[in-house]
Amino acid sequence: MTRRTKADRSRERTRGELASKGWTAIVVGALMLAVVPLLMRGPIASAFGQALQPLGWIALTVGTLLLALHHLTRCESSAPRLNGASNAAPAPEESRSNSHQQQGWSPAVLAAIEWRRFEALCEAFYAQAGLATRSQSHGADDGVDIWIQSRHMDEPRIVQCKHWNRRPVGVKEIREFRGVMASHRLQHGTYVTSSTFTADALAFAKANRIEVQDGAELLKLIGQRTPEQQAALLAVAYEGEYWRPTCASCGIKMVERKRGRDRHAFWGCSNYPKCRTSMAMAGGQQTAA
C-alpha cells in the first residue's frame, strides 16, 4: 500500500477536527434555540432561555463556517497536483489511486510496479528469510543488484533482478551474470525475474549453479509466507509512486517527456540534460536505456 507522508496525516487530522468542531457547534446551537426554551418554565427561566438565543445563532453560524472550511480543504486535497518539472507533461499514471492496487499477491502486482520497486521487493523477501542483505538504489552495480549472506553459507551470494513484463530472460543475460559471478570468484548466484526464462537459459543456469526464480515461482514462495509477511511485502511493492520508473543512474523518479519530431512519449530523467537516461513508456520491459 502507498505510505502517507507526515504532512498528509497532519492535514487529515486537521480536516477531522474541523468537521468534529463544526458539528458540535451546530448541535449546541440547535439545543440553545430549540430545546432549552422548551425546558424553561417561569419568568426567570424564560428570560434566561431568551438570552441564550443569540448565542445559539452564533454557534450555528460558527458550525456552518467550520463545515464549509472542512469541505473546501477536502476538495483541495483531492485535486490533482501539478508536476514540478516545467518541460514535462503530467503523466496519465498520476491519476492512479489505492483503488488500482491489488489487495493480495497476483501477477498484476509484479506487472504494475517499476524495476526499483521489484528490486526492493526481492531484497525484503530475502531479509524476511533471515538473510543479511545489501543493495544500492542507483549507479554502477557491476551486475549485482543484491548481496545476501547467512551463517549457513560458505560465501556470500549475489542476486540479479530483472523486471520484465513480457520478454523472457534468455541465455545471453544468464551468461553475462555468470561472468559477474566469476569476476567476484563466486560459485553460486541467484537470478530473479518478474517474467520467465527461455529453455536454454534454464539449462545454462542449471549447469553453472545459478538458482533461477521466475515471476510465478516468486509469487508461489511469497504465498507460503504468513499473512503478516505477505502484507509487509505488498507494502514494499506499493511504496510511493510504485508505477513511476526510477532513473538507474541518479536514483530519482523519472518524468514523462515527448520527442520533438513525433511527440512520442517516453520516460526521461528529471536531471536532463545532465543525465540522459531514458526508458520506453509502454510495452515490453521496464529497463533503463
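**View A. Pairing of strands E1 and E2 in the predicted model.** Strand E1 and strand E2 (residues 146-149) pair in the antiparallel sense, and four bridges join them. The model shown here and in the other views is a predicted one. Strands of a sheet pair through backbone hydrogen bonds, in either a parallel or an antiparallel manner.

**View B. The open sheet of five strands.** The strands follow the order E1-E2-E3-E4-E5, and their pairing is mixed. Strand E1 (132-135) and strand E5 (210-213) are the edge strands, each of which pairs on one side only. On average, neighbouring strands of this sheet are turned by 20° against each other, direction ignored.

**View C. Helix H4 packed on the sheet.** Helix H4 touches E1, E2, strand E3 (157-162), strand E4 (189-193) and E5. The direction of H4 makes about 160° with that of E1.

**View D. The crossing of helices H4 and H7.** The axes of helix H4 (residues 115-128) and helix H7 (residues 215-223) come within 12 Å and cross at roughly 45°. The two helices are therefore oblique to each other. The crossing of H4 and H7 is left-handed.

**View E. Residues in the contact of H4 with H7.** Helix H4 contributes Phe118, Leu121, Cys122 and Phe125, while helix H7 contributes Leu218, Leu221 and Ile222. Of the residues in this contact, seven are nonpolar, none is polar and none is charged.

Technical notes:
Residues numbered from 1 in each chain as written. Predicted model: local features only at pLDDT ≥ 70, side-chain atom pairs only at ≥ 80, totals over all residues. Heavy atoms only, no water. Axes fitted to C-alpha atoms, helices over the stretch in contact; angles between N-to-C directions. Parallel < 35°, antiparallel > 145°, perpendicular 65-115°, else oblique. Left-handed = near helix turned anticlockwise from the far one by under 90°. Contact = heavy atoms within 4.5 Å. Nonpolar A, V, L, I, M, F, W, Y, C, P; charged D, E, K, R; others polar. Pairing = 2+ DSSP bridges.
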